[in-house]
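Morning, everyone. I have one model to go through today, so please look at the sequence and the structure first.

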Amino acid sequence: MTRPGLPKLIATDLDGTLVRSDDTVSAYTHGVLDRVRAAGIPVVGATGRGPRLKELTRNDIRAADYLVMAGGGCVVDQSDPAGPVVLRDERLSAEVLASLLTDLEAVVGPLTVMVEGSDEHDAPLWGDYHPAWPYQDRFEARSRAECLSHDVIKAFVRTADHHVDELLETARRIVGPQVASLTQAGLGFVEICPPGVDKASGLSVVAERLGVDPADVLVFGDMPNDLPMFAWAGWSRVAVSNAHPLVRSAADEVTLRNDDDGVAVYLDRLLSR
């Protein structure tokens with residue numbers, strides 16, 4: 001339930017929520033977020049994008065004081081005049097990943113596997129080529145052994161025979177939360193993150209740094225990887241109308257589609273009332 005007054009912190013997902021289908025963010029949205037920040041409310045970009053995409057992310061949410069990236073595994077404070085400060089940097093053990101992939105394949109069959117192994121600017125994902133992956137310009141085919149040669153930021157898996165939601169449900173029965181965090185972000189792949197990593201745990205780092213209670217946080221999202229922050233935040237949980245059914249059902253409110261600047265329209269009305 002939305003609380004009276006204004007929230008003390010606002011966090012929004014990017015792709016599918018703030019960012020439109022043509023991969024742009026409107027001038028209107030940037031302007032509204034600038035007004036939010038001018039009102040003294042810190043803005044957080046909470047995204048599944050890894051730290052290799054920091055520059056793209058900063059461009060998409062220029063008003064953000066903090067970035068929660070890699071689904072919560074990387075948290076960056078951008079408010080320090082001396083330069084960005086990394087507050088959290090979690091990795092998934094290659095040994096653990098290899099073991100859980102073996103366990104998964106024993107049940108669901110062969111997996112297409114990609115890993116995000118580097119935080120260097122615009123570094124590619126490594127792994128098995130799949131035509132459904134939407135970002136082929138940032139992909140490099142590598143063997144499973146090469147992908148598992150060192151710890152990773154996250155991994156992505158899919159099968160030929162399972163819908164992503166079905167694969168996620170099955171994988172969660174096989175892989176416990178103490179081993180890895182599993183989710184999906186609308187790309188057709190189950191995402192495998194370090195244990196304890198999700199957007200809620202990433203936002204907790206920001207909230208603790210700012211002294212903000214989760215009850216005073218407003219969040220926006222569209223996909224199952226946003227559900228942990230929906231469960232964590234208390235001021236209001238807002239889904240865009242194009243959101244996954246699970247996210248819509250978990251939301252307090254539904255705003256317009258991402259392509260109709262739903263986040264900005266909601267915030268504009270909030271600031272104007």
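Which residues point one way from strand 9, which point the other way, and are they buried or exposed? Lys-154, Phe-156 and Arg-158 point one way, Ala-155 and Val-157 point the other way, and all are buried. Buried here means under 20% relative accessible area, with exposed over 50% and partly exposed in between, using a 1.4 Å probe and protein chains only. In a regular strand the side chains alternate between the two faces of the sheet. Five of the five residues of strand 9, residues 154-158, are buried, so strand 9 is largely enclosed by the rest of the structure.

Some ground rules. This is a predicted model, in which local features need pLDDT of at least 70 and side-chain atom pairs count only at pLDDT 80 or more, while totals for chains, interfaces and linings use all residues. Residues are numbered from 1 along each chain as its sequence is written, and side-chain values use heavy atoms, leaving out hydrogens and water. Helices (H or I, at least four residues) and strands (E, at least two) are DSSP runs numbered from the N terminus.

Now the partners of strand 9. Two strands count as paired if DSSP finds at least two bridges between them. Strand 6, residues 112-116, runs antiparallel to strand 9 and is joined to it by five bridges; Thr-112 stands opposite Arg-158. Strand 11, residues 190-193, is also antiparallel to strand 9, with three bridges, and there Val-157 has Val-190 as its bridge partner.

Strand 1, residues 9-12, and strand 12, residues 217-221, run parallel and share four bridges. Thr-12 has Phe-220 as its bridge partner in strand 12.

Last, a helix pair. Helix 3 (residues 94-108) and helix 5 (residues 164-174) pack at about 125°, with axes 10 Å apart. Axes are lines fitted to C-alpha atoms, for helices over the stretch in contact, and angles run from 0 to 180 degrees between N-to-C directions. That makes helix 3 oblique to helix 5, since angles under 35 degrees count as roughly parallel, over 145 as roughly antiparallel, 65 to 115 as roughly perpendicular and the rest as oblique. Where they meet (heavy atoms within 4.5 Å), helix 3 brings Asp-103, Leu-104, Val-107 and Val-108, and helix 5 brings Leu-167, Thr-170, Ala-171 and Ile-174.
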